[in-house]
Amino acid sequence: MQWETVIGLEVHVQLATKTKIFSGASTAFGAEPNTQACAVDLALPGTLPVANEQAFRYATMFGLAVNAEIGKRSVFERKNYFYPDLPKGYQTTQLAEPIVGPGFVDLELGEGRTKRVRIHHAHLEEDAGKSLHEDFAGMSGIDLNRAGTPLIEVVTEPDMRSAEEAVAFAKKLHSIVTSLEICDGEMSQGSMRFDVNISVRPKGQEKLGTRTETKNLNSFKFMEEAIALEVERQIDVLEDGGKIKQETRLYNGDTKKARSMRSKEDSNDYRYFPCPDLLPVIIDDEYIESVRKQMPELPEAKRARFVEQYGLSDYDAGQITMDKFAAAYFEAATKISGEAKLTANWIMADLGAYLNRTEQRIDQSPVTPELLSGLVVRIKDGTLSSKIAKQVFEAITNGEGDADTIIETKGLKQVSDTGALEKIIDDILAANTAQVEGYRAAAEDKRAKMLGFFVGQAMKASKGQANPQALNELLVKKLNG
Amino acid sequence: MHQLTIAELVKGLRNKDFSSVEVTQHYLDRIARLDKVYNSYITTTPALALAQASAADKRLAAGNTPALCGVPIAHKDIFCTMGVRTSCASKMLDNFIAPYNATIVENYLDSGVVMLGKTNMDEFAMGSSNETSYYGPVKNPWATDCVPGGSSGGSAAAVAAHLAPAATASDTGGSIRQPAAHCGLTGIKPTYGRVSRWGMIAFASSLDQAGILSRTAEDAAILLNDMASYDTKDSTSVERDVPNYTATLNDSLKGLRIGVPKEYFGEGLNPETAAHVEAAIKVYESLGATIHSISLPHTNLSVPAYYVIAPAECSANLSRLDGVRYGHRCENPKDLNDLYMRSRSEGFGDEVKRRILVGAYALSAGYYDAYYSKAQKVRRLIKQDFVDAFQSVDVILGPTSPSPAFQFGSKSKDPVAMYLEDIYTIATNLAGLPGLSIPCGFVENKPVGLQLIGNFFAEAQLLNAAHQFQQATNFHQQTAPGIE
Amino acid sequence: MAVDRSDIAKLAVLARIAISDDAADEVANRISTVLALVDQLQAVNTDGVLPMAHPLDAVQRLRADVVTEPNQRELFQSIAPAVQDGLYLVPQVIE
């Protein structure tokens with residue numbers, strides 16, 4: 001049987017506010033345990049929440065970026081359950097009246113394929129603390145620094161049909177929230193966490209299959225792996241005549257295995273009701289417009305601008321603007337070198353590969369925009385051949401200095417000087433008289449191919465430093481001599 | 001000295017007739033000697049009180065001090081007081097030393113008010129008789145076999161027994177006004193949002209409001225001046241200037257339109273109580289007010305609506321008491337569930353447990369619409385009754401409580417009988433309106449309370465009406481028998 | 001609406017309050033009495049009436065995003081039942 005995969009996502013995006021959503025405690029990452037948990041975050045008796053304006057601003061920005069209606073009246077509710085990382089015994093969240101209503105995101109999947117994923121809604125809520133399990137002799141340690149950090153939970157419609165689409169959506173979302181600067185995008189620190197709802201159904205069937213939810217995936221790679229694994233599992237179960245149980249699952253990225261966490265039957269009755277300590281939040285058109293004006297440029301607008309302003313191809317512009325740091329890097333480097341296309345190529349190819357290999361971020365790249373543009377300038381003015389340029393780049397990554405210093409100390413300057421080239425060519429022609437004869441005897445259309453031999457020899461003799469264009473011209477002149 | 005009202009203490013301290021340390025010591029001595037009978041305090045803070053009094057005396061000597069500087073009062077044990085146990089009369093918080101001050105506590109500290117201690121109450125303010133306290137019941141100074149009312153029974157008994165010149169209190173369904181009625185005191189519950197809830201341990205957040213129990217309306221006005229404030233820490237606090245409540249106390253009542261709702265005089269009202277309220281109406285007529293019969297048609301639904309909304313809110317509010325970060329924790333929990341189950345079961349008393357369970361039920365899947373949502377709609381109808389009534393009257397008048405203080409145990413077996421104690425007071429909490437109770441007579445030597453309900457933020461008008469009544473009568477000057 | 005022992009058992013789990021077998025019937029009875037009182041609401045026509053969550057028709061005030069809370073861990077943990085290395089201790093959390 002042919003199976004179709006159906007995927008919907010719930011994405012928790014930590015907002016980059018300075019303080020918690022309902023208290024004035026800092027949200028900075030990495031502090032000593034419980035040093036950023038104030039009386040409100042600890043749910044001391046008698047404490048009360050006051051909502052953070054910046055969280056609403058950020059959520060509104062997000063709504064505008066995903067073409068959604070903004071909830072002009074949004075209401076916080078209490079979701080009741082007991083857990084040690086949830087100090088109040090309820091999570092303050094939004095249910096019936098969220099800040100962001102239905103919207104959509106368009107994806108490009110390569111080879112010209114596109115996909116629209118509908119956003120069901122996005123709501124504001126507070127994050128929970130963390131439980132640590134090591135070193136406490138059968139006990140768990142609770143750190144509430146994260147408790148109360150503002151989140152938007154983005155809920156999609158079940159519109160995705162493959163892991164590829166789900167990952168493309170996740171990456172697009174990452175690109176949107178980081179471009180808006182409403183989230184730092186640090187997946188390894190849990191700044192974005194994905195819950196994936198997965199079901200399969202026979203191709204052509206309209207009714208959705210029973211779904212499972214794999215929770216808390218914090219990398220695109222794990223997400224892809226977890227989806228593949230779960231789809232395979234569900235198909236196996238169904239093909240063996242079994243039934244899918246509605247359940248919550250956990251995927252372990254280290255062991256590459258998943259397990260059931262709890263089934264639907266144990267699911268809580270959350271007893272949602274409007275939080276009486278918080279009043280409805282009302283925002284008006286004026287506020288929404290003021291937020292719209294403040295919004296940083298979105299990837300799509302930036303892409304169009306890069307095509308227009310820098311003459312990049314649409315594809316290259318798309319690649320570069322996917323990551324706002326790459327886009328910023330590109331603009332900084334191009335400003336110095338004045339060479340957009342070459343800069344883009346280097347960012348996507350050599351620099352990209354280097355950063356990937358060394359697991360570094362482009363905004364923290366040791367090869368700064370200044371260093372890269374120094375290299376690009378020397379390629380453009382003919383000082384460096386593209387081959388030598390790669391050597392120089394590697395030397396830059398090794399911290400050997402800027403392009404000019406490296407060219408100088410290693411003597412890598414391209415030989416364009418006619419006198420020097422003539423000397424090399426003359427020596428080669430003298431040493432290979434048979435080949436020279438053959439060339440001269442050959443028909444015009446065969447000669448181009450035969451030229452390669454002499455170019456190769458000359459390059460070798462120049463240790464790769466000969467300017468290919470100048471070399472070619474001189475060679476042809478002399479051979480035709 | 002303990003006969004003096006707050007107004008008289010303010011004057012005496014200013015005139016150096018006595019020092020704050022002297023007044024404070026006098027009250028501390030009385031508490032130590034007499035409170036064994038009434039059990040009105042959970043915690044007394046003599047050392048702290050004397051230190052505060054001594055600091056107040058220094059401020060007084062320097063001059064230009066706030067009116068209340070050096071005046072000692074007691075705080076209901078629902079208000080967080082930094083460094084001092086704040087138990088809410090529950091085993092759950094028996095070991096809870098509050099690490100911060102409630103805003104009202106802070107406001108009074110700024111004014112130089114001295115804290116004598118923390119008063120007894122129904123556990124988490126859930127009760128109308130002060131019989132649910134972990135620290136034992138409070139006795140009514142007027143009749144020690146009777147309840148003082150609740151939940152602010154300790155504050156009421158302390159003031160009535162002259163163990164404090166006044167006390168803070170809180171009112172979720174009548175918890176200031178009903179004990180005021182039963183103990184012969186003036187008690188005011190301000191408009192919801194007038195007084196900050198920051199640091200007041202929540203029972204039902206949309207109904208809770210802090211207020212005052214005192215001997216006179218004038219004292220209540222002086223104390224409310226400093227208690228009321230706009231507080232950015234409480235989202236439900238209202239940004240609105242606090243008037244000087246004492247400035248209008250002596251305004252004439254000529255032309256004041258008083259509405260008397262017929263629903264407050266129906267079945268269940270003690271006839272003698274009714275007679276005293278009728279007599280009070282005559283007093284108001286003699287003061288120049290006009291009396292109008294009105295109707296609040298949804299009155300009978302206020303108790304049912306309240307007993308959905310209050311338990312629902314409390315069921316969530318009390319979830320934070322889980323034995324993890326503070327408060328009672330069971331011995332040797334065998335797993336996480338055991339920690340929760342035993343800590344909470346050991347820490348909460350029966351009435352609190354019942355209300356949590358009722359609240360969980362009203363919010364649970366399948367019942368939300370029938371109970372919680374329905375109650376919220378009825379709440380709007382009840383509020384609308386008042387909004388309509390205030391189109392044609394300035395103040396609404398009726399009994400505070402259906403009958404005088406009852407004997408211990410007489411209602412504790414039947415929750416509904418207990419809940420009906422608050423039938424006349426609950427609607428104002430649902431609507432968010434200010435309400436006040438003043439003594440208007442005695443039945444079998446037990447005080448009867450007269451309730452005045454005002455429009456939103458009309459506390460000054462209520463206090464004016466109460467003060468004028470007290471200028472014309474002397475019920476508020478009576479002292480319980482046996483009080484030295 | 002009346003509740004029985006099994007309802008009480010479910011509510012007890014939701015609310016994390018243990019009700020002993022001996023007490024279950026009495027608790028069920030008492031709660032049923034309260035629910036009978038509350039059931040008076042069912043007779044009221046509330047068509048077209050909006051639920052009212054707050055007594056005042058006020059709107060939420062929003063706070064500026066400025067850090068106002070200092071670290072008070074030592075004070076807050078001085079009243080905690082069990083802490084180690086700055087963490088609150090609970091029996092092992094199993095996910």
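This is a predicted model: local features need pLDDT of at least 70, side-chain atom pairs count only at pLDDT 80 or more; totals for chains, interfaces and linings use all residues.
Mentor: Local features here need pLDDT of at least 70, side-chain atom pairs count only at pLDDT 80 or more, and totals for chains, interfaces and linings use all residues. Residues are numbered from 1 along each chain as its sequence is written, while chains are lettered from A and ligands numbered from 1 in the order in which they are written.

Trainee: In what order do the elements of chain C run from the N terminus on?

Mentor: Helices (H or I, at least four residues) and strands (E, at least two) are DSSP runs, numbered from the N terminus. Chain C has 3 helices and 2 strands. Their order is α-α-α-β-β.

Trainee: What is the radius of gyration of chain C?

Mentor: This value is taken over C-alpha atoms, and the globule rule is 2.2 Å times the number of residues to the power 0.38. For 95 residues the rule gives 12 Å, and chain C is well over that, so it is more spread out than a compact globule: its radius of gyration is 22 Å.

Trainee: Which element gives the most to the side of chain C that touches chain A?

Mentor: With contact meaning C-beta atoms, placed from the backbone, within 7 Å, chain C brings 30 residues and chain A brings 41. Helix H3 (73-77) and strand S2 (87-91) of chain C each supply at least two residues of that side of chain C. The top contributor, with 5 residues, is S2(C).

Trainee: Is Lys256(A) buried or exposed?

Mentor: Lys256(A) lies in the loop between strand S12 (247-252) and strand S13 (257-263) of chain A. A residue is buried if 20 or more other C-beta atoms, placed from the backbone, lie within 10 Å of its own, exposed if 12 or fewer, and partly exposed in between. Lys256(A) has 11 within 10 Å, so this residue is exposed.

Trainee: How many residues of strand S4 (residues 166-171) of chain B are buried?

Mentor: On one side, Ala166(B), Thr168(B) and Ser170(B) are buried, and on the other Ala167(B), Ala169(B) and Asp171(B) are too. The strand is mostly covered, and the count is 6 of 6.

Trainee: Which residue of S6(B) is the bridge partner of Ala169(B)?

Mentor: S4(B) runs antiparallel to strand S6 (residues 209-214) of chain B, joined by 6 bridges. The partner of Ala169(B) there is Gly211(B).

Definitions and conventions: Two residues are in contact if their C-beta atoms, placed from the backbone, lie within 7 Å. Two strands pair if DSSP finds at least two bridges between them.
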